[in-house]
Amino acid sequence: MKKAVKIMFKIFRLLLAVFVPVAAAVLIVSAVQGYNMYKNAVEKCPPAQMAELLRGEDFVRMEELPEFYIKAVICAEDKRFYSHKGVDLRAIARALAHDIGTFSFEQGGSTITQQLAKNFYYTQDKRPERKFAEIFTAFDIEKEFSKEDIFELYVNSIYFGDGYYGIAAAAEGYYGKKPSELTDYECAMLAGIPNAPSAYSPAKSPGLAQQRLMQVLERMAECGEITAERSSQIAERGQYETSNE
């Protein structure tokens with residue numbers, strides 16, 4: 001028995017000795033490729049130019065957004081938004097552990113800044129070099145803009161499903177309102193959609209949209225932004241208002 005254990009331990013050490021250098025080599029190559037991808041992207045369109053392109057006629061400023069919507073987006077997407085410098089290492093580590101455990105690439109640990117970089121500059125594929133490019137670009141964006149600027153650029157450019165890009169189009173398209181007129185329920189709903197626009201569209205998949213809304217409210221409660229009781233009240237009242245429209 002002891003001999004078998006020793007043999008297994010030796011095999012494990014051998015595999016580890018092979019795996020670690022290979023993984024490190026792949027990581028280095030991906031980082032170099034990602035850096036080159038990032039340099040090409042920002043040379044063609046620097047972050048300042050990106051911002052000018054996004055700040056169109058219907059651009060919604062931070063002060064025009066309900067405070068509840070701002071809190072909902074941050075809690076749902078990037079709860080350390082105001083404290084990190086573009087990349088949240090804890091979120092990446094948590095996502096990596098999840099993906100390794102499930103043998104998937106379901107989570108990426110991307111911050112709001114990274115998502116802005118990805119949506120504007122890159123494709124949605126999950127290649128390692130693209131992830132590195134996204135990270136390098138996020139650092140540039142954080143150097144160039146304030147957190148408020150980054151949040152504005154993000155919510156004005158993300159896709160909300162059903163052909164709606166940006167919070168102004170989504171508020172008008174789904175609820176016939178300006179963003180400033182949204183209720184807490186509607187804010188939570190819109191905060192959850194961009195995670196998977198085709199799945200969480202309230203117009204096409206109301207059941208899944210409601211489930212996602214509950215996740216957003218739960219995260220807000222976890223962040224201390226609302227109580228569990230308030231979360232239930234928002235969900236119940238929102239469902240009542242929707243059913244009576």
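In what follows, a residue is called buried under 20% relative accessible area, exposed over 50%, and partly exposed in between, using a 1.4 Å probe and protein chains only. At 15% relative accessibility, Y121 therefore counts as buried, whereas F120, at 26%, counts as partly exposed.

The model before you is predicted: local features need pLDDT of at least 70, side-chain atom pairs count only at pLDDT 80 or more, and totals for chains, interfaces and linings use all residues. Residues are numbered from 1 along each chain as its sequence is written, and side-chain values use heavy atoms, leaving out hydrogens and water.

Let me turn to the aromatic rings. Rings of Phe, Tyr and Trp (its six-membered ring) pair if their centres lie within 6.5 Å; planes under 30 degrees apart count as stacked, over 60 as edge-to-face, and the rest as tilted. By this rule there are 10 aromatic pairs. The ring centres of F120 and Y121 are 4.9 Å apart with planes at 75°, so this pair is edge-to-face. Y174 and Y175 form a tilted pair, at 6.4 Å centre to centre and 55° between the planes; both residues are buried. Ring pairs also link Y35, Y38 and F136 into a cluster.

Next, helix α9, residues 184-192. Helices here are DSSP runs (H or I, at least four residues), and strands likewise (E, at least two), numbered from the N terminus. Which residues of α9 are buried? They are Y185, E186, C187, A188, M189, L190, A191 and G192. With 8 of its 9 residues buried, α9 is largely enclosed by the rest of the structure.
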